[in-house]
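The sequence and the structure are shown first.

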Amino acid sequence: MSCGESDNVLCKHVLAEKTFYVDLNKLPIGVTVVSATAQAAEDAALVVETIEVVVADTTIESATNGCQDTVLYADRALLVKLSGGTPTGEETPLVVTWTQSDGDVDSMDCRVLITGSEPGT
């Protein structure tokens, strides 16, 4: 992801099984994520393999493109593993919903762009 791209745009090849992060550092101070779900509302072929809360502070190092490293803080970020999808050239929404330690439930729309083609098509 380049510095100019939104954190909410996820790009993957139709054959790839790829893990993305969702940074929730916007949560109020002291509030953490308890659990989470994700659903691709408009693409039945896009599969959410797993979604998990980051359990330890993790640094995502930037590529050599001049971006700053991203720090994912424990209990304030998610890892979402996706596979499949339909390569339409259009973005499809992925709705991520989480329950917070303060009892609130919140959601975020991520946009997934599926590229490529499957063999034989």
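## Secondary structure and overall make-up

In this predicted model, the protein chain has 9 strands and 0 helices, so that DSSP assigns the elements, read from the N terminus on, as β-β-β-β-β-β-β-β-β. Among contacts between residues at least 6 apart in sequence, 70% join residues that are at least 24 apart.

Of the 121 residues in the protein chain, 30% are buried. The accessible surface of the chain comes to about 6900 Å², and carbon and sulfur atoms account for 49% of that area.

## The largest nonpolar core

The largest nonpolar core holds 22 residues, among which Leu24, Leu78, Leu82, Leu94 and Trp98 touch the most other members. At least two residues of this core come from each of strand S2 (17-23), strand S3 (33-40), strand S4 (46-53), strand S7 (77-84), strand S8 (91-100) and strand S9 (105-115). In soluble globular proteins, nonpolar side chains tend to be buried together.

Leu82, one of the core residues that touch the most other members, also has charged residues among its contacts: leaving aside residues up to four places away in sequence, Leu82 touches Leu10, Lys12, Ala16, Glu17, Lys18, Phe20, Leu46, Val47, Val48, Glu49, Leu94 and Val112.

## Lys12, a buried charge

Lys12 lies in strand S1 (residues 9-13). Although Lys12 is buried, it has no salt bridge, and the nearest side chain of opposite charge, that of Asp43, is 8.3 Å away, whereas a salt bridge would need a side-chain nitrogen within 4 Å of a carboxyl oxygen. The side chain of Lys12 does, however, reach the backbone oxygen of Ala16 at 2.9 Å.

Residues up to four places away in sequence being left out, Lys12 touches Lys18, Phe20, Leu46, Leu82, Ser83, Gly84, Leu113, Ile114 and Thr115.

## Gln100, a buried polar residue

Gln100 is found in strand S8. Its relative accessibility is 6%, and Gln100 therefore counts as buried, the cut-off being under 20%.

Beyond residues up to four places away in sequence, Gln100 touches Leu27, Val31, Thr32, Val34 and Asp106.

Methods:
Residues numbered from 1 in each chain as written. Predicted model: local features only at pLDDT ≥ 70, side-chain atom pairs only at ≥ 80, totals over all residues. Heavy atoms only, no water. Helix = DSSP H or I, 4+ residues; strand = E, 2+ residues; numbered from the N terminus. Buried < 20%, exposed > 50% of the residue type's maximum accessible area, 1.4 Å probe, protein only. Polar contact = N/O pair within 3.5 Å; in protein donor to acceptor, adjacent residues only side chain to side chain. Contact = heavy atoms within 4.5 Å. Core = buried A, V, L, I, M, F, W, Y, C linked by side-chain atoms within 4.5 Å. Areas by Shrake-Rupley, 256 points an atom, 1.4 Å probe, with all protein chains shown as cover.
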